[in-house]
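Please examine the model below with the following account at hand.

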Amino acid sequence: MVTDIMVAFLPFIILLPLIGSIIIGLGGMLFPSFRSQEKLIGAIGTAMVALPFIILVYMTASFEGSAITFKLWSWMRGGDLDISFSYLLDQLSLLMGLIVTGVGSLIHVYSIGYMHGDKGYYKFFAYLNLFIFAMLNLILGDNMVVMFLGWEGVGLCSYLLIGFWYTDMLKAKAAQKAFVANRIGDFALMVAMFLIFTTIHSFSFGEIGAQVEALADYRIWIPLLIFIAATGKSAQIPLFVWLPDAMAGPTPVSALIHAATMVTSGIYLIARVSPLFLAAPEVMLLIGIIACLTALIAALIAIAQNDIKKILAYSTVSQLGFMFMALGVGAFTTAIFHVMTHAFFKACLFLGSGSVIHAMEHVEGVKDPQDIRTMGGLAKHMPSTSKTFWISTLAIAGIPLLSGFFSKDEILASLFFGGYTEPVYWGIWGIALFTAMLTAFYMTRVAYLTFNGMERFPKGARPHESPAVMTAPLWILATLAILGGYLGLPALLHVPHVLNDMWLATEGGIGAEGLISNSVQMVENMHEHHSMEYLLLPLSALIAVGTWFFTRRFYTNNGLGGDKKVQQLFGRLYSVMENKFYIDELYEKTILTPFMLFSKYVVAWVEKNIVDGFVRATYLGVANVGEVFKRLQTGLVQNYLLLVSMGVILVLAYIIFT
Amino acid sequence: MDLSSLQPSVLSYLAVSTLMFVLGMIGVLSRKNGIIIFMCIELMLNAVNLSLVTFSKLHDNATGSMMVFFVMCVAAAEAVVGLSIFIALFRNKLDIDINSVNIFKW
């Protein structure tokens with residue numbers, strides 16, 4: 001009974017954002033007077049995301065534990081191939097759906113205020129709704145093809161929104177960079193899909209989970225290719241370079257797409273096909289190593305940046321690294337847990353930075369409204385923004401009792417227990433612990449330099465607090481950033497881990513033991529060396545609190561001069577960090593330049609002489625043949641008639657005399 | 001078909017029909033005046049009509065005679081269209097020499 005109602009509602013979840021996008025987009029395109037109806041556009045846009053959220057809340061509340069698949073219609077069928085628009089509602093997709101539509105609708109509300117007065121207002125909401133539509137396809141799709149459509153759709157929306165102010169060449173280029181980097185990953189994902197289909201003749205996630213043994217021929221390749229796809233979308237080494245540049249887009253976009261939702265789709269995908277990964281420990285180890293390097297490098301870069309959004313962007317890369325580390329050790333539920341808490345506090349941080357930028361734009365004499373060196377002391381002027389930003393900062397830094405502490409500690413613990421089976425994970429755990437310390441450092445630095453200490457912007461300026469339509473989402477997200485962690489309390493407290501035990505790992509999904517089965521060995525190690533948790537939990541708490549306390553005092557004493565001391569501490573490494581490890585330059589030299597030279601000399605020659613030559617030969621041939629036969633067109637009707645008569649006579653002669 | 005098996009009168013009808021057809025064809029192919037060409041086409045059509053009637057009578061089958069009515073109808077309709085084309089042509093060129101209508105020449 002309940003299931004029937006859910007199935008009836010399901011199409012609305014998917015289609016409402018699409019309808020919203022079409023109404024706003026076409027309305028703005030066809031009726032210029034509609035473009036200035038900001039309240040109406042904002043209301044439609046928000047409603048089309050909030051309604052699916054309400055439906056999803058209802059569905060989650062009445063969910064009975066067994067996955068529901070629902071087929072909208074068959075798309076293509078032939079031979080083995082049967083692709084349909086079918087959607088899967090299970091614990092994982094419901095949770096992801098709640099995050100996407102929940103955080104999404106808050107960010108829509110925020111955008112009503114943030115985008116006020118922009119002449120592309122309607123376009124912004126049309127793209128944002130289209131993004132939600134694509135993202136819902138990605139996470140609710142029951143087979144890899146629907147998932148891939150969503151995967152490409154979010155990539156497209158990301159491109160459109162990064163380049164939203166496309167008249168600025170730098171922003172247009174950033175959009176292009178994101179698009180190209182994502183294409184590389186998408187190619188890998190397509191190859192993985194082809195490999196899966198040629199082996200088991202199905203794209204459905206259920207089949208993939210059930211037929212892992214059948215895929216043994218490509219045991220390494222399929223997970224590896226899927227991981228490469230995830231490095232593109234979820235910004236890991238070597239494809240993470242696009243994410244910091246993606247901050248060229250409007251800040252709500254950075255919060256929604258490049259922090260809370262789209263960039264986590266790689267983690268979602270790996271969790272969804274986790275049985276494939278459990279069968280390939282080598283790939284898991286590779287994920288762990290790459291993830292910890294990404295987390296470390298991004299955290300180091302974040303320390304040396306001064307652009308508030310850039311710091312948050314590198315922090316996102318670093319936190320994504322944490323999630324991938326969890327995937328690498330086989331703690332899939334933990335990765336999803338961190339996806340959730342990260343969505344809350346990082347969305348809050350980005351929206352807070354948007355609020356700050358909004359205020360700084362109106363302060364005269366400030367050249368770059370995103371530079372934290374010209375901020376300081378904003379807490380007095382922007383109390384709501386400052387409080388919520390600090391709450392989220394403490395959450396991401398891992399201060400106990402806030403959400404980030406619980407999820408990050410779970411990741412660290414999983415890595416530690418993974419080490420009993422494969423000692424490399426201990427190394428990863430060490431780096432992760434160090435990175436957690438760096439996280440606490442650079443996040444405290446950015447929050448302190450922005451909101452506390454001396455006012456470094458021109459004297460007498462009064463940066464104003466943002467309107468309620470922007471601060472209300474901040475408060476809701478900050479509340480979630482505090483409370484989100486209580487869904488997954490540490491095991492040693494002997495209270496149920498709501499997310500794992502009651503939701504994600506329950507019966508009835510893919511995999512033998514639960515929806516997402518974590519690495520069995522890792523879990524066994526955890527039980528065996530249970531007492532270690534009494535050591536690990538205080539350790540990570542101590543590191544977070546200690547670093548936070550130290551950083552706060554350090555910058556209180558030194559002000560902006562603290563950066564100088566940090567520079568001395570790191571020595572020559574600091575300029576490497578400042579220049580983002582020269583990774584862009586490295587790609588420029590090793591890939592871009594050779595490619596350009598190759599295009600210029602080799603491909604250009606082929607193009608000019610072979611491809612163009614073929615085309616020229618075709619048209620010259622036609623022209624020359626025409627030149628000969630055009631003489632037949634004498635313009636004398638009787639000539640034509642004579643030819644026709646002769647033809648008739650010939651045919652008749654042939655009929656009669658043969 | 002063996003011509004010698006036909007009755008002499010049938011043969012003469014067919015001979016007249018052939019003559020008319022060939023004369024019409026020569027006219028169409030050699031004359032320059034549009035109206036004359038047009039009349040020659042009518043001649044060819046009537047040659048065909050004559051042979052149709054002849055065979056209809058010979059085989060005692062009305063289908064051929066029926067066909068003649070259709071041909072006549074089409075010929076009448078064609079005369080209307082053809083003549084109006086020539087009138088339109090004359091208004092533009094003050095001439096109905098078909099060799100003067102040669103703008104599609106190479």
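**A reading of the two chains**

P238(A) is situated in the loop that runs between α9 (221-233) and α10 (242-245) of chain A. The model is a predicted one, and in it the peptide bond between I237(A) and P238(A) is cis, with omega at about 5°. As background, most peptide bonds are trans, and most residues other than glycine have a negative phi.

The largest nonpolar core comprises 206 residues. Those with the most contacts inside this core are I226(A), M325(A), A347(A) and A432(A). The surroundings of M325(A) may be followed in detail: leaving aside residues up to four places away in sequence, M325(A) touches G288(A), A291(A), C292(A) and A295(A), together with I411(A), L415(A), I428(A) and A432(A).

A contrasting element is strand β1 (residues 68-78) of chain A, which is hardly covered: of its 11 residues, the count of buried ones is 1. β1(A) pairs with strand β2 (residues 81-89) of chain A in the antiparallel sense, over 8 bridges. Within this pairing, I68(A) stands opposite L89(A) of β2(A). The hairpin formed by β1(A) and β2(A) has 2 residues between the strands, and G79(A) there takes a positive phi near 65°. In general, the side chains of a regular strand alternate between the two faces of the sheet.

K580(A) belongs to the loop between α25 (572-578) and α26 (583-629) of chain A.

L94(B), which is not a glycine either, has a positive phi of about 55°. L94(B) is found in the segment after α3 (63-93) of chain B, and directly follows that helix. Because L94(B) has 8 other C-beta atoms within 10 Å, it is classed as exposed.

α3(B) has 31 residues and reaches 44 Å from its first C-alpha to its last, close to the 45 Å expected at 1.5 Å a residue. The number of buried residues among these 31 is 0, so α3(B) lies largely in the open.

What secondary structure makes up chain B? Chain B contains 3 helices and 0 strands, and its pattern along the sequence is α-α-α. The radius of gyration of chain B is 18 Å, whereas a compact globule of 106 residues would have one near 13 Å. Along its principal axes, the C-alpha trace of chain B spans about 55 × 25 × 25 Å. Of the 106 residues in chain B, 8% count as buried. Among the contacts in chain B with a separation of 6 or more, 44% come from residues 24 or more positions apart.

Finally, the two chains meet through 11 residues of chain A and 9 residues of chain B. The side of chain A that touches chain B consists, by class, of 4 nonpolar, 5 polar and 2 charged residues.

Terms used:
Residues are numbered from 1 along each chain as its sequence is written. Chains are lettered from A and ligands numbered from 1 in the order in which they are written. This is a predicted model: local features need pLDDT of at least 70, side-chain atom pairs count only at pLDDT 80 or more; totals for chains, interfaces and linings use all residues. A nonpolar core is a set of buried Ala, Val, Leu, Ile, Met, Phe, Trp, Tyr and Cys residues joined through C-beta atoms within 7 Å. A residue is buried if 20 or more other C-beta atoms lie within 10 Å of its own, exposed if 12 or fewer, and partly exposed in between; C-beta atoms are placed from the backbone. Two residues are in contact if their C-beta atoms, placed from the backbone, lie within 7 Å. Helices (H or I, at least four residues) and strands (E, at least two) are DSSP runs, numbered from the N terminus. Two strands pair if DSSP finds at least two bridges between them. The expected span of a helix is 1.5 Å times one less than its number of residues. The radius of gyration is taken over C-alpha atoms; the globule rule is 2.2 Å times the number of residues to the power 0.38. Ala, Val, Leu, Ile, Met, Phe, Trp, Tyr, Cys and Pro count as nonpolar, Asp, Glu, Lys and Arg as charged, and the others, Gly among them, as polar.
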